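Hi everyone, thanks for making time for this.

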Amino acid sequence: MEEVFEKAVELENRKELMYEMMNKYGQDILRLVYSYVNNKEVAEDLTQDIFVKFYQSIHTFKGKSKLKTWLWRIAINHCKDFLKSWYNKHVFIAEHTENSPTKKEIVEEVIIQKETDDQLIAALMTLPIKYREVIYLFYYEERLVKEIAILTEVSANTVKTRLRRAKQLLEERLGEQ
């Protein structure tokens, strides 16, 4: 990936680099954004905005970190800005829900697992954002504590504390159900 970056900068072909990053990390960024906003349509819009911002500011990349880390940092900051924005606080988006019929082919174990997953996701989405982001980055993205510390701009010990506290909160909330 770094070679692609160097080549793109040399050739001044930012579009090629952006498409490469979108293909490689687009779904990961979308899931990260969804973990912040808890709305599919908003997450898709914000993901587009993030890649536009990436494209517009690629010339400012100094190479002090990996390009992927830089993109993640842009995404996290963009999500936090959105959550603080007037739009997010005052505009309510009606979610489109689909009622899909139950199929006979669905195995009982799959249904039970889905219910468990849904309960976990619902409990996770009730956590404050500082806990949600470390849970997402640690368990889903399989990031190291040090990487999470860099991405969230807090110390490694703070990340560990947030992980421990998030697990406690999840256990409490899942125990109540």
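**A walk through the helices**

Let me start at glutamate 142, which sits in the loop between helix 7 and helix 8. A quick note on what you are looking at: this is a predicted model, where local features need pLDDT of at least 70 and side-chain atom pairs count only at pLDDT 80 or more, while totals for chains, interfaces and linings use all residues. Residues are numbered from 1 along each chain as its sequence is written, and side-chain values use heavy atoms, with hydrogens and water left out.

When I say helix or strand, I mean DSSP runs numbered from the N terminus (H or I, at least four residues, for helices; E, at least two, for strands).

Back to glutamate 142. Its phi is positive, about 55°, although it is not a glycine. Is glutamate 142 buried or exposed? Glutamate 142 is exposed, with a relative accessible area of 65%. For those words, buried is under 20% relative accessible area, exposed is over 50%, and partly exposed is in between, using a 1.4 Å probe and protein chains only.

Glutamate 153 is another non-glycine with a positive phi, about 60°. You will find glutamate 153 in the loop between helix 8 and helix 9, and it is exposed, at a relative accessible area of 59%.

**The overall picture**

Now zoom out. The chain has nine helices and zero strands, so read along the sequence the pattern is α-α-α-α-α-α-α-α-α. Of the 177 residues in the chain, buried ones make up 35%. If we take contacts (heavy atoms within 4.5 Å) between residues at least 6 apart in sequence, 65% join residues at least 24 apart.

**How helix 9 is packed**

Which helices shall we look at against helix 9? I picked helix 8 and helix 7.

Helix 8 covers residues 145–152 and helix 9 covers residues 156–176; their axes come within 8 Å and cross at roughly 100°. Axes here are lines fitted to C-alpha atoms, for helices over the stretch in contact, and angles run from 0 to 180 degrees between N-to-C directions. Helix 8 and helix 9 are therefore roughly perpendicular; the scheme is under 35 degrees for roughly parallel, over 145 for roughly antiparallel, 65 to 115 for roughly perpendicular, and oblique for the rest.

On the helix 8 side we have Val145, Ile148, Ala149 and Thr152, and they meet Ala156, Val159, Lys160 and Leu163 in helix 9. Those residues divide into six nonpolar, one polar and one charged. The classes are simple: Ala, Val, Leu, Ile, Met, Phe, Trp, Tyr, Cys and Pro are nonpolar, Asp, Glu, Lys and Arg are charged, and the others, Gly among them, are polar. Lys160 is partly exposed, with a relative accessible area of 44%, and its C-alpha atom is 9.7 Å from that of lysine 146, 14 residues apart along the chain.

Helix 7 also packs on helix 9 at about 100°, with the axes 9 Å apart. That makes helix 7 roughly perpendicular to helix 9. By class, this contact has ten nonpolar, no polar and five charged residues.

Leaving aside neighbours within four places in sequence, Ile135 is in contact with Leu124, Tyr140, Leu163, Ala166 and Leu170.

**The largest pocket**

Ile135 turns up again in the largest pocket: of its 16 lining residues, Ile121, Leu124, Ile135, Tyr136 and Tyr140 lie nearest the centre. On a 1 Å grid over the protein atoms alone, a cavity is a set of points where a 1.4 Å probe fits but cannot get out, and a pocket is an open set with protein on both sides within 12 Å along at least five of seven lines; lining residues have an atom within 4 Å of a point. About 480 Å³ of space lies in this pocket. Helix 2 (14–37), helix 6 (108–125), helix 7 (129–140) and helix 9 each give two or more residues to the lining, which by class has ten nonpolar, one polar and five charged residues. The volume is the space filled by probe spheres set on the grid points, which are joined across faces, edges and corners.

One last stop: aspartate 28 in helix 2. Aspartate 28 is buried, with a relative accessible area of 18%.
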